[in-house]
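Student: I am new to this structure and would like to learn how to read it. Could you show it to me and start with the sheet?

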Amino acid sequence: MEKLRKPFPVLQQYTYLNTAASGLLSEKVLEFRHDHDLDFLISGSILKNKQGEILSGVRETVGQFFNCAPNRVALVPNFSYGFNTLLEGLDKSKKVLLLNGDYPSITWAVSSRNFEICYAQIDENLEQHIETSLERDHPDVFAFSIVQYISGIKLSIDFLKNLKQKFPEILFVADGTQYCGTEIFDFDDSGLDVLICSTYKWLNAGYGNAFILLNASVQGKIAPKTVGFNSLQGKYKAHEGNLIGKFEPGHQDTLNFGSLKTALELLSDVGIELVQERISTLSQRAKQEFSEMGLLADMILKRNNTPLFLILKEMLNYLSSLKAKTLFVLKEEMESALPFIILIPKRNWNSL
């Protein structure tokens with residue numbers, strides 16, 4: 001337990017249970033950021049001359065951690081930038097399957113364009129609804145969050161892998177922001193075509209950096225129109241027509257992407273296996289406690305697997321009621337509600 005807590009000074013003051021909203025800053029990442037800006041302060045462009053080398057190192061670290069070749073790892077500022085760029089690279093005649101009530105950065109981005117859309121309902125039978133929709137509606141693209149931001153409901157990677165084998169022609173595009181960093185994940189073995197992830201949550205890498213993992217098979221299926229001088233700069237982007245360059249048209253921040261590399265190195269040192277075990281233990285204990293107190297929604301209780309995090313029934317109903325409000329009110333109120341995540345009764349904390 002101390003191995004998990006020591007790198008994060010805030011844990012000396014608090015029991016932090018809000019990672020699903022925002023991860024923490026570690027001493028190691030803070031040290032990197034301080035050294036990076038000090039180097040920039042005293043050396044100026046000499047540091048920036050090393051930008052290609054620094055970003056290649058980030059790309060290689062991400063690829064190694066999630067098992068994806070570095071020439072298929074794109075570095076972007078956030079999930080929304082990457083996802084919108086991807087959507088602009090799809091033919092507008094495509095039909096897209098969404099999860100009804102999924103993260104707005106997915107649903108709004110798709111619905112603001114001229115795609116035909118079909119939906120699968122999020123409830124205790126989510127997997128069945130998805131498979132039924134794929135068989136009935138014949139979408140070209142399935143875009144979804146692996147972990148739902150409101151309920152914590154998770155689609156297992158085994159389920160997604162089996163589903164892809166049944167529907168190999170459908171493009172599977174996953175949001176991994178609420179997932180990556182919670183368990184061992186092998187992208188090349190997952191069946192996913194694309195995974196996009198902002199890293200400020202469970203990876204504890206701070207804000208302003210994200211990554212895209214691309215299956216080799218998507219080349220030719222996605223044709224983003226974005227392009228710039230940086231599209232051809234760097235070890236893995238030297239050839240014209242490379243796909244990752246289409247997601248990286250302009251300059252990139254070595255401070256933020258270096259923070260991602262440092263955070264992944266820390267997670268590797270701690271051990272993703274240990275993190276996975278601790279999250280699983282806490283989630284199962286929380287589900288048991290809240291279930292006994294009658295605080296969980298039926299769709300959580302009726303599922304066999306345990307959500308990554310839990311939101312109490314009253315908060316879940318409140319968030320669902322916001323769907324009828326305007327887009328701007330929805331965004332503001334949802335953001336204010338997100339800190340209500342996991343609470344473990346204090347009497348049991350020391351036993352975990």
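Tutor: Gladly! Two strands pair if DSSP finds at least two bridges between them. Helices (H or I, at least four residues) and strands (E, at least two) are DSSP runs, numbered from the N terminus. This is a predicted model, where local features need pLDDT of at least 70, side-chain atom pairs count only at pLDDT 80 or more, and totals for chains, interfaces and linings use all residues. Residues are numbered from 1 along each chain as its sequence is written, and side-chain values use heavy atoms, leaving out hydrogens and water.

Student: In what sense do strand 4 and strand 5 pair?

Tutor: Strands of a sheet pair through backbone hydrogen bonds, either parallel or antiparallel. Here, strand 4 (residues 141-145) and strand 5 (residues 171-175) pair in the parallel sense, over five bridges. Opposite Phe144 stands Ala174 of strand 5.

Student: Which helix packs on the sheet, touching strand 4 and strand 5?

Tutor: Contact means heavy atoms within 4.5 Å. Axes are lines fitted to C-alpha atoms, for helices over the stretch in contact, and angles run from 0 to 180 degrees between N-to-C directions. Helix 8 (residues 157-166) touches both strands, and its direction makes about 160° with that of strand 5.

Student: What is the strand order in the open sheet?

Tutor: Its seven strands run 1-7-6-5-4-2-3, with mixed pairing. Strand 1 (73-76) and strand 3 (116-121) are the edge strands, each pairing on one side only.
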